[in-house]
Amino acid sequence: MKKALLIGIIVCLLLTMVAFPVNAAEDCVYLSDLTPTSTVIRNANWPWTMDLCSNYKVPISIGGTEYEKGLSAHASDDGKPTTEIVFDISSFNYNTFSAVFGKDFGSKGTTNQTKVAYAVLVDDVIKAEGTVGGLETADIKVDITGAKKIALQILTGGDGPGDDCGSYANAKLTNSSSYLSDLTPVSTVIRNANWPWTMDLCSYYKTPISVGGTEYAKGLSAHASDDGKPVTEIVFDISSLNCNTFSAVFGKDFGSKGTTNQTKVAYAVLVDDVIKAEGTVGGLETADIKVDITGAKKLALQILTGGDGSGDDCASYADAKLYNEKVETPEPPVDPDVPETPENPVDPDVPETPENPTVPETGDNFTGMITLTVLVLASVTCMAIFTKKRSSHN
């Protein structure tokens, strides 16, 4: 009986895994999971292949590394239509396309040194191109903010198409963020040379940024100037970054001292010279800042005294970054004067039939998983009891 129960548990687990697979959440879309709007191929033997090497039909392998996701095809002969795959990305709110491109030797593991070229076009404009050979790879990262179409091409490297199977490994659409502390400011105003704007460290103590009792790996820090003096400020040109949101956590930065000095310090965030966020904090208080920067050219961060002097007014914009936040498209407003018409009007003379008469509502995955588990265990237990009784009669 114990053996039967053990077998039943194993079967139950296997069925549960198959019926309810767990997918890791990631804010991205893999191109190999989408349906292309068009493709051009060398020939039917080497079409665009999703998640496999087009030439050998084995996992994608470039630069000596295997990848689970990607797109693969073979370059066409020079003078023939270019090998290409095109996707409509107009419905996605991502700002970056990224991939690793290289020759794909599949399971052969050869290091044939012939060259193969790539080109990435966004709305018919080339945004990235290059050539690799052997085990060389190219890291591709392209801005796709507001784009409607992306096209990936594979071309010969100028030495003929022999063995020119190439793959865009890990090809995906994502939202990339830019930390302000990784950028170069266009101007700064500081209290004095002892407490300048400091990237990723507390300006006063030169220790990791710490606001509200929490340490942060990234951020910007400085000390407020005396009242009546030029305001402590740092300015960035963000016109080319194509992000729609700035966020940070602002607070007094006590560095490694851990003091809770209650004097106040103020902040102001200006977008194209217009204040979009401002406030005052003291002690371990913090302010969560989130500002719309859509279409902005300039971003300025200021640190000011809180009205009680500048003593111990070192502060930090922790985790200060630019990124694209997904924007939900609102549904068009309903005109109250227009009566709503159902998509499928019901005929009163025809009896109503359920949409899915043979498929009951499943609820969430957890409920379904528990139900499946109980049913399988109950079945196995009954079989075990029957087997035991039968054995006792013999």
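How many salt bridges does the structure hold? There are 13 of them in this predicted model. Side chains of opposite charge can pair when their charged atoms come close. Here are some views of such pairs.

**View 1. Lys 149 meets Asp 124 in a salt bridge.** From N to O, the two side chains are 2.9 Å apart. Lys 149 belongs to strand S12 (residues 149-156), while Asp 124 sits in the loop between strands S9 (115-122) and S10 (125-133), so this pair ties together parts that are 25 residues apart in sequence. Lys 149 counts as partly exposed because its relative accessibility is 29%. Asp 124, at 57%, counts as exposed.

**View 2. Asp 226 pairs up with Arg 191 in a salt bridge.** Their closest N and O atoms are 3.0 Å apart. Look for Asp 226 in the loop between strands S19 (219-223) and S20 (232-237), and for Arg 191 in the loop between strands S15 (187-189) and S16 (198-199). That's a link between distant parts of the chain, 35 residues apart. Asp 226 has 34% relative accessibility, so it counts as partly exposed. Arg 191 counts as partly exposed too, at 27%.

**View 3. Asp 200 and Lys 218 form a salt bridge.** Here the closest N and O atoms are 3.1 Å apart. Asp 200 is in the loop between S16 and strand S17 (209-211), and Lys 218 is in the loop between strand S18 (214-216) and S19, so the pair ties together parts 18 residues apart in sequence. Is Lys 218 buried or exposed? It counts as buried, because its relative accessibility is 19% and the cut-off for buried is under 20%.

**View 4. Asp 33, Asp 51 and Lys 69 make one network.** What joins these three is salt bridges that share partners.

Notes:
Residues are numbered from 1 along each chain as its sequence is written. This is a predicted model: local features need pLDDT of at least 70, side-chain atom pairs count only at pLDDT 80 or more; totals for chains, interfaces and linings use all residues. Side-chain values use heavy atoms; hydrogens and water are left out. A salt bridge is a side-chain nitrogen of Lys or Arg within 4 Å of a carboxyl oxygen of Asp or Glu. Helices (H or I, at least four residues) and strands (E, at least two) are DSSP runs, numbered from the N terminus. Buried means under 20% relative accessible area, exposed over 50%, partly exposed in between (1.4 Å probe, protein chains only).
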